[in-house]
Amino acid sequence: MACHLRRLLLLFLANVVATAAPALAIFHFDFRFDTDGPFSGGMMSRHDMWRRRAAESKARDAKNSARLAKAVGKGGGDDITAADVTVTPYTHQGHWLTVGIGTPPQPSKVILDMGSDLLWTQCSLVGPTVVQEEPVYDPSKSSSFSLLPCGSKHCEEGAFTSKNCTDKRCAYENYYGVLTATGVLATETFTFGAHHNASVNLTFGCGKLTNGTIASASGILGLSPGPLSLLKQLAIPKFSYCLTPFTDRKTSPVMFGAMADLGKYKTTGKVQTVPLLKNPVEDIYYYVPMVGISLGSKRLNVPAESLALKPDGTGGTAVDSATTLAYLVEPALTELNKAVMEGLKLPVANKTVDDYPLCFELPRGTSMDGVEAPPLVLHFDGGADMMLPRDNYFQEPSPGMMCLAVVRPPFKGAPSVIGNVQQQNMHVLYDLGERKFSYAPTQCDKL
């Protein structure tokens, strides 16, 4: 997925697979990797995984950035929060979830994307599709499938790249950075969960990829603040997730509704809460009021106004679960680079590694694990702080190279972004009803 900023919370993508999971409404982000990408492990080294993930993240964010630059109904059925659903890392493109589509259910793997709102899957109705693991969803085999007309609410409200009426159908086209998907809007019954499943009626895209690949997945499940999001359609007031480090290959839960409550789970630090800000122009990202940065105990010379969300919809700080690299606007990035070069007792590398502009040479025979680095602290309006340990802002994308996982946004006016690496081992909660973002350091594989 590609869309730098307009939906950074995208690709926080997540491959979601319905496997047996504990208790209610839990999405497990299982960060085990396979040979196809950084989230799949297998034959791929940790270094290759980081480079691949960074490149994919950058491409995805490019899409969102373009949407942001351009920008400057409820479902029925069971309670989805009572379903046990697992999310599994799925190659370099994110995490996937297996859902059942139709009556009777047909299995479909969809990538979780917090930078887009449409739920769509490849569909035999619209012609030839790209290769996927499961059989392509066939609406003619479902008794609950129904096309949506052009005059429907969701057709009118949907923020597609383009749309038109074809044979009274609501036809759309969406760009996802390096991907392009087309289709028609419809309604269908979706079944979530393994042992505790729930079936709900949702508007979705019956479509196909016309450019790019999603590594044998079937489609995308968008969880952005947009009007077609599953969250909006089912009036889900809050959700949370807790991401284990990529290389740990352990599960990570994502919870919806009443299960999304930081007070119910053990944390390794205090719970802090800040407001969720609303962009006055678009609804691609979830924004938080970052006002400053420190490296260790040193507060950096970064004016709060340089980090603020502007009235024209530019700037600000977004939280995204699908973006690997963090993005930091100027002058904050320059100040951070200076502080890191002064504080880290390592020589600056005379070359860069792929998408990492600032790297340091590790002592021969030493990995990043043997290097001490002060915490990176993000300061929020109201006094809350988010303390990031070394592994949440440094990566080792190449043997002997320790690189800062914070880079410049792709264009002027794009927001700073707190990506998934910064959030690892952090339980974060989005309370959409109260417009609050809460977080606490947590041993995520223990939840």
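Tutor: UniProt positions are given here in the numbering of this model, feature names are shortened, and annotations may be inferred rather than shown by experiment. The model is predicted: local features need pLDDT of at least 70, side-chain atom pairs count only at pLDDT 80 or more, and totals for chains, interfaces and linings use all residues. Residues are numbered from 1 along each chain as its sequence is written, and side-chain values use heavy atoms, with hydrogens and water left out.

Student: Which residues does UniProt list for "active site"?
Tutor: The unreviewed entry lists Asp 113 and Asp 320. They are spread over 208 residues of sequence, yet they cluster in space, with a largest C-alpha distance of 9.3 Å.

Student: Why does Asp 113 count as buried?
Tutor: Buried means under 20% relative accessible area, exposed means over 50%, and partly exposed lies in between (1.4 Å probe, protein chains only). Asp 113 has 0% relative accessibility, so it counts as buried. Asp 320 has a relative accessible area of 0%, so Asp 320 is buried.

Student: Where is each of them placed?
Tutor: Asp 113 is in strand β6 (residues 106–113). Asp 320 is in the loop between β20 (317–319) and β21 (326–327). Helices (H or I, at least four residues) and strands (E, at least two) are DSSP runs, numbered from the N terminus.

Student: What makes β22 and β26 a pair?
Tutor: Two strands pair if DSSP finds at least two bridges between them. β22 and β26 (residues 401–404) have three bridges, in the antiparallel sense, so they meet the cut-off of that definition. Phe 360 has Met 402 in β26 as its bridge partner.

Student: Why are β22 and β25 called edges?
Tutor: The open sheet has three strands in the order β22-β26-β25, with antiparallel pairing. β22 (359–361) and β25 (394–398) each have a single partner strand, so one side of each is left without a neighbour in the sheet.

Student: What touches this sheet?
Tutor: Helix α4 (residues 332–343) packs on the sheet, touching β22, β25 and β26. Contact means heavy atoms within 4.5 Å.

Student: How many bridges join β23 to β24?
Tutor: Four bridges join β23 (residues 376–380) to β24, and the strands run antiparallel. The hairpin has four residues between the strands, and Gly 382 takes a positive phi near 100°.

Student: Which side chains of β24 are buried?
Tutor: In β24 (residues 385–388), Met 386 and Leu 388 point to one face and are buried.

Terms used: Axes are lines fitted to C-alpha atoms, for helices over the stretch in contact, and angles run from 0 to 180 degrees between N-to-C directions.
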